[in-house]
Amino acid sequence: VMDNKDSEAEIHPLKTEDVKAQENHENFVERRIVKSSGLSRLSRWRTAAFFISLFLCLIIVFAFSFIIPCPERPVSERTWFRYYNDAVPYQFLAIEDVNEDKVQDVLFAFKSSNGSSSFNRSCLDEGLPSPCAFVAAVSGTNGSVLWESPAAEDVQWLQCGIQQLGTAEAPGCLVVGKPLSLIAIDLQTGEVLWRESGDFGANYTLLTPLSVIPDVDNDGVQDLIIFITKGGQVKTFIHSGKTGQQIGSTGSLTVDGNARYVRLDLRSSSYFLFYTGTALLGNHAAVGMEIKLPGLQQDPQWEKNIDHATHHLSLLRFGDFRYLAKVPGPSQDNILVVNSEMATLINTKDLHTVWTLNVSRALSEPLLGYYKPDVLGIVLESEIGPNRKKVMIVESGSGAVQWDLKLNSGAGSPGPATLSTADHRSAFLIWGDYQEPGNETRERAPLQKLYLFHPSYSNVLLELRNSTDQIIAFTAVLFERSRHACYVLLRGPQPGEGPGPVSLMKRKLKEDVSGSRVIWLSHMAGDSEQYIRDRLYRMRFQSR
């Protein structure tokens with residue numbers, strides 16, 4: 001048999017090769033079929049996994065879109081009012097996020113027999129005689145009352161946003177009552193955290209604002225330092241932030257006239273600068289005290305220039321001080337000294353004069369703003385005649401006047417305000433009564449008008465509104481981060497007058513811009529009035 005196969009192979013060699021090729025092909029096809037079936041099963045698993053993943057993603061998207069509600073963003077009303085009858089407002093306005101909805105709220109104080117109908121609180125609820133002083137928190141979104149708290153018989157000072165009062169984790173408000181009492185109020189609920197009576201004696205003047213100092217009595221809560229002037233001396237009292245009890249007092253400084261002060265923090269040092277009409281005194285926060293404050297050191301350069309017998313700063317003898325203000329510098333705050341004739345910026349590193357500027361009889365606290373992008377400026381208001389004032393924007397680094405404006409202005413006119421804009425400058429809000437040069441009329445009393453100025457139009461003012469009511473307090477603020485620019489007006493009887501209607505108003509700035517009157521400070525060919533309104537209406541703001 002073998003011989004036959006061999007002989008056949010010799011006779012038909014190609015036939016034998018075809019048979020082998022066919023066998024190899026069949027084996028290859030079988031292997032490919034087996035491999036293809038495996039790949040097919042793997043492909044089906046991959047397809048199934050893909051559709052399952054897609055289905056799960058769709059379920060998650062559907063859940064977050066329709067089933068799980070997204071946090072609602074509060075819808076802020078453009079304008080709201082809050083009215084009180086038979087009340088007298090105090091000259092305090094504080095802006096804080098009371099209900100933690102990421103929208104700023106308004107806190108203020110008024111004297112009345114009863115609160116609003118929303119809470120129906122009375123003075124008797126806190127054992128106070130009627131009428132008494134209420135502290136109220138009003139929602140920034142719609143003006144609804146968040147809480148009202150009868151605080152004291154009368155109010156000398158109200159300061160909010162103080163961290164660590166009592167045992168509350170949230171910030172609080174501190175009320176200095178009259179007769180003397182210290183009242184800590186929870187910012188979120190309005191509940192009284194502690195109430196402590198005190199006695200500074202008769203004929204004293206409270207120096208404000210109050211200062212927070214490091215924990216002195218080691219109870220884990222920062223403490224309070226309070227300055228008063230009495231009998232030609234500045235006296236110091238330290239109170240516990242946890243209980244309000246007095247835990248110490250320090251030596252006194254002799255002053256001539258009514259004193260005010262500003263706190264200056266220099267790296268690891270802290271100084272309290274007291275100024276009167278004739279002198280400037282410096283007191284280190286850890287010098288001459290019965291209780292030495294922890295973590296504070298002396299600054300060698302400052303100690304060289306302080307006469308430790310009188311506490312006078314030898315280099316700062318300007319006389320007739322009007323205001324003292326901190327101005328941020330490249331590395332630390334500098335000091336702006338404003339007297340009856342000039343403004344002087346002092347470098348706090350070596351106490352040398354950076355610049356001086358003629359300023360006659362300053363009318364309001366210096367205010368910070370930005371005329372040029374990211375270049376800090378100072379707003380100064382000075383009296384230039386009967387019922388006349390001059391507003392200047394001064395570059396803080398050089399003292400150069402960047403912009404100025406003359407206005408009619410009556411007694412009690414509110415001070416200016418600034419709002420940071422997205423172009424790294426500021427919008428300036430100014431009160432007064434502008435009249436074109438040559439058309440001034442001195443016979444009538446100046447009106448109270450609110451003007452908007454932005455450096456992008458240095459020759460334009462927008463007249464936003466007139467107000468014939470007595471304005472007790474005014475401020476401007478971004479009620480939400482980098483948006484919702486508004487101003488707040490508190491109006492009513494002046495302190496010392498009888499009770500009457502009181503109104504608190506928040507108004508969105510854009511509402512007044514759209515209907516404003518364009519005032520040309522100098523006529524230049526360019527944009528139309530409506531184009532200017534539209535552009536300033538679209539102006540965006542920025543939280544610094």
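Modeller: Strands here are DSSP runs of E, at least two residues long, numbered from the N terminus. The model is predicted, so to speak: local features need pLDDT of at least 70, side-chain atom pairs 80 or more, while totals for chains, interfaces and linings use all residues. Residues count from 1 along each chain, and side-chain values use heavy atoms, without hydrogens or water.

Biologist: Okay, which strand gives the most to the lining of the largest pocket?

Modeller: A pocket is an open set of 1 Å grid points where a 1.4 Å probe fits, with protein on both sides within 12 Å along at least five of seven lines; lining residues have an atom within 4 Å of a point. The largest one is lined by 49 residues, with Gln91, Phe92, Trp157, Thr208 and Glu365 nearest its centre. Elements giving two or more include S5, S9 (205–213) and S1 (79–96). With seven residues, the top giver is S1.

Biologist: And which strand gives the most to the second largest pocket's lining?

Modeller: That lining includes Thr418, Leu419 and Ser420, along with Arg481 and Gln542. S21, S25 and S29 each give two or more residues. The one giving the most, three residues, is S25.

Biologist: Where does S5 sit in its sheet, edge or middle?

Modeller: The sheet is open, with four antiparallel strands in the order S5-S6-S7-S8. Two strands pair if DSSP finds at least two bridges between them. S5 (155–162) and S8 (192–197) each pair on one side only, which puts S5 at the edge.

Biologist: What stands opposite leucine 174 in S7?

Modeller: S6 (172–177) and S7 (181–186) run antiparallel over six bridges. Across from leucine 174 is alanine 184.
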